[in-house]
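Please look at the sequence and the model before reading on.

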Amino acid sequence: MKKILPFKKNGGFTLLEISVAISIFVLSIILASSLYIIAQRLYNQSSGRAELSQNARVILDRISRELRQAAAITTSLPPTNTDPINPPAEEIFFQDGHNYNQITYIRYYLNGANLARRHKAYYFNNEPDTYVAWNSVDKNGDAPAEKILSESVVGEYFNSLTFWGSGGKINITANLNKNQNNLKIETSVYKRN
């Protein structure tokens, strides 16, 4: 008579073992992808914040340098930024102090979310090559014509830009926003001229 041997295992995996292995593998993939997504978000936030910071720093350095050398500030600035009756100016207009041979003016203002810089001059029609002060009048009492020498966008992502101050000190506050990143930066400039 033949002896019946007990059931012999063929070396495969059971359904339970395969299910556990697949579950662990799926959890590992989910965990790794979650960590990657979090790291990517943090990178995007920090690079966006760095871009805002650099943009604001470069622009405020440029405005500060030009304001320091301005021959005259034309914009009437309130002494504080907290007076609701006399709020801070949202743009600044001043006489350029770089070229004393010709009277020209610079205006910084927001155009949507972009900071624009306009360089312009004023002249009378009978002498278009001679620039005069913006508030000049000719012998007939007529105001001068305006000539835009250049206009460009010098900054992006601006929500607001305000100017105030007195006694030769000009305060500047800028709020910038890109995606979910917000940045508020302030500086003060003392006019040299």
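**Basis of the description**

The model is predicted, so local features need pLDDT of at least 70 and side-chain atom pairs count only at pLDDT 80 or more, while totals for chains, interfaces and linings use all residues. Residues are numbered from 1 along each chain as its sequence is written, and side-chain values use heavy atoms, with hydrogens and water left out.

**Overall form**

The protein contains one helix and nine strands; helices (H or I, at least four residues) and strands (E, at least two) are DSSP runs, numbered from the N terminus. Along the sequence, the order is α-β-β-β-β-β-β-β-β-β. The radius of gyration, taken over C-alpha atoms, is 33 Å, whereas a compact globule of 193 residues would have a value near 16 Å; that globule rule is 2.2 Å times the number of residues to the power 0.38. Along the principal axes, the C-alpha atoms fill a box of roughly 135 × 35 × 25 Å. Of the 193 residues, 31% count as buried, where buried means under 20% relative accessible area, exposed over 50% and partly exposed in between (1.4 Å probe, protein chains only). Contact means heavy atoms within 4.5 Å; among contacts between residues at least 6 apart in sequence, 52% join residues at least 24 apart.

**Salt bridges**

The structure holds seven salt bridges, each a side-chain nitrogen of Lys or Arg within 4 Å of a carboxyl oxygen of Asp or Glu.

| Salt bridge | N to O distance |
|---|---|
| Lys178 and Glu51 | 2.4 Å |
| Glu91 and Arg107 | 2.8 Å |
| Lys120 and Glu146 | 3.4 Å |

Lys178 forms a salt bridge with Glu51, and this pair links distant parts of the chain, 127 residues apart: Lys178 is in strand β8 (residues 169-178) and Glu51 in helix α1. Glu51 is partly exposed because its relative accessible area is 31%.

Glu91 and Arg107 meet in a salt bridge through their side chains. Glu91 lies in the loop between β1 (72-73) and β2 (92-95) and Arg107 in strand β3 (residues 105-111), so the pair ties together parts 16 residues apart in sequence. Arg107 counts as buried because its relative accessibility is 17%.

Lys120 forms a salt bridge with Glu146. Lys120 lies in strand β4 (residues 114-124) and Glu146 in strand β6 (residues 145-155), so parts 26 residues apart in sequence are tied together. Lys120 is buried at 6% relative accessible area, whereas Glu146 is partly exposed at 39%.

**Two buried residues**

Ile92 is found in strand β2 and counts as buried, with 0% relative accessibility. Leaving out residues up to four places away in sequence, Ile92 touches Leu67, Ile73, Thr75, Leu77, Ile106, Arg107, Tyr108, Phe163 and Ile170.

Glu66 belongs to helix α1 and is buried at 8% relative accessibility. The side chains of Glu66 and Tyr108 are joined by a polar contact of 2.5 Å. A polar contact is a pair of N or O atoms within 3.5 Å; within protein, one must be able to donate a hydrogen and the other to accept it, and residues adjacent in sequence count only if both atoms are side-chain atoms.
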